[in-house]
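Colleague: I'm new to this one. Could you walk me through it and tell me how you know each thing you say?

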Amino acid sequence: MTILPPDPDLDALRRELGRLRAERGWSYDELASRSGLARRTVIEIEQGRTIGTLKTWHALAHALDTPFDELFAILCHEHDLPGAGASSDS
């Protein structure tokens, strides 16, 4: 029997991007400039038209001075993070 992982909450990820951008008072242009991405790319990711690549998200995390792992933890918004149920006993 194959057990599939839960779907990632991509909407939560894009909302978090928007929240972090707004928290800093940055426009799309500002985030694009700081991340080295095209303004259109930032808009399309934040509005859910595309998901972007890991390289893109890496650039966004650095521009926002947000740890990559914390940013991506939001993907598990509606379920436990992987390994959360694992025992630490050896």
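This is a predicted model: local features need pLDDT of at least 70, side-chain atom pairs count only at pLDDT 80 or more; totals for chains, interfaces and linings use all residues.

Colleague: What pattern does the protein chain follow along the sequence?

Modeller: Reading along, you get α-α-α-α-α. The protein chain has five helices and zero strands. Its C-alpha atoms fill a box of roughly 50 × 25 × 20 Å along the principal axes.

Colleague: Why is helix 2 called roughly perpendicular to helix 4?

Modeller: Start with the value: helix 2 (residues 28-35) and helix 4 (residues 54-63) pack at an angle of about 105 degrees. Angles of 65 to 115 degrees count as roughly perpendicular, so helix 2 is roughly perpendicular to helix 4. Their axes are 8 Å apart.

Colleague: Which residues meet there?

Modeller: From helix 2 come Leu31, Arg34 and Ser35, and from helix 4 come Ala59, Leu60 and Ala63. By class, the contact of helix 2 with helix 4 has four nonpolar, one polar and one charged residues.

Colleague: What makes Glu16 count as buried?

Modeller: Glu16 has 18% relative accessibility. The cut-off for buried is under 20%, so Glu16 counts as buried.

Colleague: And where is Glu16?

Modeller: In helix 1. Leaving aside neighbours within four places in sequence, Glu16 is in contact with Leu71 and Ile74.

Colleague: How do you know that the side chains of Glu16 and Arg19 make a polar contact?

Modeller: The distance for that side-chain pair is 2.7 Å. A polar contact needs N or O atoms within 3.5 Å, with one able to donate a hydrogen and the other to accept it. The Glu16 and Arg19 side chains are listed as making such a contact.

Colleague: Which residues of the largest nonpolar core touch the most other members?

Modeller: Of its 19 residues, those are Leu17, Leu31, Val42, Trp57, Leu60, Leu64 and Leu71. Helix 1 (10-23), helix 2, helix 3 (39-46) and helix 4 each supply at least two residues of this core. Helix 4 gives the most, with five residues.

Colleague: What does Leu60 touch?

Modeller: Not counting residues up to four places away in sequence, Leu60 touches Leu17, Leu31, Ser35, Leu37, Val42 and Ile45.

Colleague: How many contacts in the protein chain join residues at least 24 apart?

Modeller: Among contacts between residues at least 6 apart in sequence, 53% do.

Technical notes
Residues are numbered from 1 along each chain as its sequence is written. Side-chain values use heavy atoms; hydrogens and water are left out. Axes are lines fitted to C-alpha atoms, for helices over the stretch in contact, and angles run from 0 to 180 degrees between N-to-C directions. Helices (H or I, at least four residues) and strands (E, at least two) are DSSP runs, numbered from the N terminus. Angles under 35 degrees count as roughly parallel, over 145 as roughly antiparallel, 65 to 115 as roughly perpendicular and the rest as oblique. Contact means heavy atoms within 4.5 Å. Ala, Val, Leu, Ile, Met, Phe, Trp, Tyr, Cys and Pro count as nonpolar, Asp, Glu, Lys and Arg as charged, and the others, Gly among them, as polar. A nonpolar core is a set of buried Ala, Val, Leu, Ile, Met, Phe, Trp, Tyr and Cys residues joined through side-chain atoms within 4.5 Å. Buried means under 20% relative accessible area, exposed over 50%, partly exposed in between (1.4 Å probe, protein chains only).
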